[in-house]
Amino acid sequence: MASTKKQTQVRLEENVLAAGKAAAAARRLDFNKYVERLIIEDTTGARAAGMAAAQRLIDEHGAFLDDLEQQLDAPYTDPQPAPPRDLAHR
């Protein structure tokens with residue numbers, strides 16, 4: 001059975017190719033599948049719809065998310081050093 005996929009050649013700058021391969025690996029995709037997804041998301045409007053949804057989430061719940069982030073980070077912030085103890089008053 002023959003594949004319906006077509007082969008093409010794309011020339012990319014070395015740093016662009018490296019970034020693309022790293023992004024594909026981070027998503028556990030081979031590079032070809034990653035490029036295919038990017039094209040599909042761009043040409044179908046899926047990426048734009050996702051970005052619009054993310055912006056709505058930030059607009060509607062951004063303050064809550066900022067507060068939550070601060071609360072979650074609080075245990076890891078540098079505490080103020082304790083004042084020196086006067087050992088003579090022991």
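How far apart are the end C-alpha atoms of helix α3, and what would a straight helix reach? The ends of α3 (residues 46-73) are only 33 Å apart. A straight helix of its 28 residues would reach 40 Å, at 1.5 Å a residue. The expected span is 1.5 Å times one less than the number of residues.

## The model

This is a predicted model, in which local features need pLDDT of at least 70, side-chain atom pairs count only at pLDDT 80 or more, and totals for chains, interfaces and linings use all residues. Residues are numbered from 1 along each chain as its sequence is written, and side-chain values use heavy atoms, with hydrogens and water left out.

The pLDDT is the predictor's confidence in each residue, from 0 to 100. The protein chain averages 88. At least 70 is the score of 86% of the residues. Confidence is highest in helix α1 (residues 14-26), at 97. Confidence is lowest in α3, at a mean of 91.

## Overall fold

The protein chain has three helices and zero strands. From the N terminus on, the order is α-α-α. Helices (H or I, at least four residues) and strands (E, at least two) are DSSP runs, numbered from the N terminus.

Of the 90 residues, 7% count as buried. Buried means under 20% relative accessible area, exposed means over 50%, and partly exposed lies in between (1.4 Å probe, protein chains only). The chain exposes about 8,800 Å². Carbon and sulfur atoms supply 55% of that area. Accessible areas come from the Shrake-Rupley method with a 1.4 Å probe; for residues, only the protein chains shown count as cover.

Where is the kink in α3 centred? The kink is centred on H61 and comes to about 75 degrees. A bend at a residue is the angle between axes fitted to the seven residues ending there and the seven starting there.

A nonpolar patch lies on the surface, formed by L57, F64, L65, L68 and L72. Together these residues have about 470 Å² of accessible area. Patches are made of residues with over 30% relative accessible area and no salt bridge; like charges are joined within 9 Å, and nonpolar side chains (Val, Leu, Ile, Met, Phe, Trp, Tyr) within 5 Å. L68 sits in helix α3. L68 counts as partly exposed because its relative accessibility is 33%.

## Salt bridges

How many salt bridges are there? The count is two. A salt bridge needs a side-chain nitrogen of Lys or Arg within 4 Å of a carboxyl oxygen of Asp or Glu.

E36 and K5 form one of them, at 3.5 Å from N to O. E36 lies in helix α2 (residues 31-44) and K5 in the segment before α1, so the pair ties together parts 31 residues apart in sequence. K5 is exposed, at 56% relative accessible area. E36 is partly exposed, at 29%.

K33 also meets E36 in a salt bridge, at 3.8 Å from N to O. K33 and E36 are three residues apart in helix α2, so about one helical turn separates them. Shared partners join K5, K33 and E36 into one network.

R28 is in the loop between α1 and α2. R28 is not a glycine, although its phi is positive, at about 55 degrees. R28 is also exposed, with 79% relative accessible area.
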